[in-house]
Amino acid sequence: MSENIVPGHPDISDFPHLPGVYLMKDANDTIIYIGKARDLKKRVSQYFQTDKNKSQKTKVLVSKIRDIEYIVTSTEVEALILEANLIKKNRPRYNISLKDDKRYPYVKVTINSRYPRIYLVRRRLMDDAVYFGPYTSVKPVRTTLDLISQIFKIRRCHGNPAQKKRPCLNYHINRCMGPCTGDVDAEEYRDNVKAAVKYLRGDTGDLLGKLRQQMQEYAEKQRYEAASVIRDQIEGLKELAKQQRTTAGIDDRDVIGLYVDEKDVYVQLFYVRNGSMVGRADFELNRGKSTSSEIIAEFIKQYYQDSPVPPEIVVPEMPPEEKVIRKWLSEKAGRKVTLNIPRIGEKKKLLDMAMKNATMARERANTEKAKKEGTLKGLEILQEKLGIGTLPRHIEGFDISNISGSDPVASMVVFKNGTPSKADYRHYNIKSVEGIDDFAMMAEAVDRRYSRMKEDKQAMPDLILIDGGEGQVNAASRELQKLQMNIPIIGLAKKFEHIIFPDNHPRKLLILPKKSPALKILMQVRDEAHRFAVASHRKRRSSRLSHSELDGIEGIGEKKKKELLQHFGSVEKIRQAEEKEVAEIEGIGKELARRIAEKLREQK
């Protein structure tokens, strides 16, 4: 490149001929690039020498450099480590950097300590512990660790138990044997650890059998809440069993596959433990103008900075400075680490599979990007067609669910940027409406939702969607007027998918093409509101049928209770009915009807 690319480039005359790291800054004193060198002065001076073969990325970088700092290290390996640390911390614009440096969870067992611990970690170190994982989902892992505390009573606390002054809460709630008390036999404790490890290795038959028996006993005693806890534990064990693998062994390797796009890089990392593939992880990097081999080098430096280093790493291309990288990996692992490009055999098949999966990750990312772009286009069309002033990024949808007026429930779902925000969903048990009156039920739900939001000064939605026709939309609109709120509100009728406006709107109807992305967004909100309403109604109805004042009446079981409630609609209506009306229900009869009437009168 020519000298006129950067007039008056930074003075590097005092840079030493020593290994180290250099930090390039722009006019705002922001670090824009970090590099390492065996000879700092020689390496940095190359950026400012005339060379027509320099990449466009380097030319742009050099044009923005206004200052350069350096840090001297003892060796080139130390410079590599420092470079990786500084890149991870500062994420300079012109460096290749991981967009997603998540760590998958492991279960760690400190098997060689006097009182071993079993706990969750995000890094697998090359120490004397036994590791299980990596797992792709952390939820079942936490469930299992909680179960291990309950059943095997293994400690999860840090530090040396002998140095603790008092037992922790887990000991008092019977979830730890309490080695810190000094009263626990070490051999007995280790037997429990061995049993827990046996389970973690996949031998769950005995444990699942005991849990199922315990759940059945709770159910027979009608301790349904306790039974549901056991049920969740069983499901957690089953889910974890799908992922369960141990990573203790010597035949370990990681396989790196990648797909290089114009702007981004998609990396697929396969974990091979004890000769079997036990997991994988996806990563995305910004590419810049780097070559595939440079990308591999940067990924290795950044990923293995705080991840376990296996004895072998399989790569599609050998990274530059392979010897320095290999030396750093070996020092970090405390043993020899090799980088290999397989040509034939099982390793080559694994590498090809990793490369294929990286390509598929790119396709998924593009599909997701197109979906987001399509959603944005749909929202823009919706804003235009409805004639509203704000892009409807925040949409709230309402629906009502009931059976002949019984157990009415209103649902309220929230979509943000075209995506369900389930944490914001709400349902409202209708309280003020008797009988079948969907309009009044909708009015109550809207009033309760927005009067509360107004009181709490919360941000209002950009659009309200009602699942229904003119009656429901007008009922909801009147409630907004009472609250003095000017929020755009529409309805979506199921039959023809027509958009309906309230009476105070200049338009009455809007018909969008069936393939319109705007209509698809509205249909998605409407359908989700309906699904959530039905689910909430079923839950409420099931709760009423499971627990009522009819419980405990001699001769009334679940079947007869269900028939009575379905016929009359509620316990109150049974109480108000004539005994002869109750007796007409199949299986009831005069004597049982008399007992029901007496019992309900007593309760009232």
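Begin by selecting Lys 41, which lies in helix H1 (residues 40–46); helices (H or I, at least four residues) and strands (E, at least two) are DSSP runs, numbered from the N terminus. The model is a predicted one, in which local features need pLDDT of at least 70 and side-chain atom pairs count only at pLDDT 80 or more, while totals for chains, interfaces and linings use all residues. Residues are numbered from 1 along each chain as its sequence is written, and side-chain values use heavy atoms, with hydrogens and water left out.

Lys 41 is partly exposed, with a relative accessible area of 25%, where buried means under 20% relative accessible area, exposed over 50%, and partly exposed in between (1.4 Å probe, protein chains only). Leaving aside residues up to four places away in sequence, Lys 41 touches Ile 12, Ser 13, Phe 15, Pro 16 and His 17, a contact being heavy atoms within 4.5 Å.

Next, colour the nonpolar core, defined as a set of buried Ala, Val, Leu, Ile, Met, Phe, Trp, Tyr and Cys residues joined through side-chain atoms within 4.5 Å. The largest such core has 34 residues, of which Ile 256, Val 267, Leu 269, Phe 299, Ile 300, Tyr 304 and Leu 329 touch the most other members. Elements that each supply at least two residues of this core include helix H3 (76–90), strand S7 (253–260), strand S8 (264–273), helix H9 (292–303) and helix H10 (322–333). Which helix gives the most to this core? H9 does, with 6 residues. At least three residues of this core come from each of domain 2 (106–243) and domain 3 (253–362), with the domain bounds taken from an automatic or database domain assignment. For a second, separate core, of 25 residues, select Ile 388, Leu 492, Ala 518 and Leu 522, which are among its members.

Then pick the loop between strand S10 (312–314) and H10, where Glu 321 lies. Glu 321 has a positive phi of about 55 degrees although it is not a glycine, and Glu 321 is partly exposed at a relative accessible area of 40%.

Continue to Lys 372 in helix H11 (residues 345–386), a residue that counts as exposed at 56% relative accessibility. Between the C-alpha atoms of Lys 372 and Gly 418, which are 46 residues apart along the chain, the separation is 8.3 Å.

Now display helix H12 (residues 438–455) together with helix H13 (residues 470–482), whose axes come within 8 Å and cross at roughly 35 degrees. These axes are lines fitted to C-alpha atoms, for helices over the stretch in contact, and angles run from 0 to 180 degrees between N-to-C directions. To see the contact itself, show side chains including Phe 439, Met 442, Val 446 and Tyr 450 in H12, and Ala 475, Ala 476 and Leu 480 in H13.

Finish in the loop between H12 and strand S16 (463–466), where Lys 457 lies. Lys 457 has a positive phi of about 55 degrees although it is not a glycine, and at 78% relative accessibility Lys 457 counts as exposed. With the whole chain back in view, the secondary structure comes to 18 helices and 19 strands, and buried residues make up 47% of the 604 residues.
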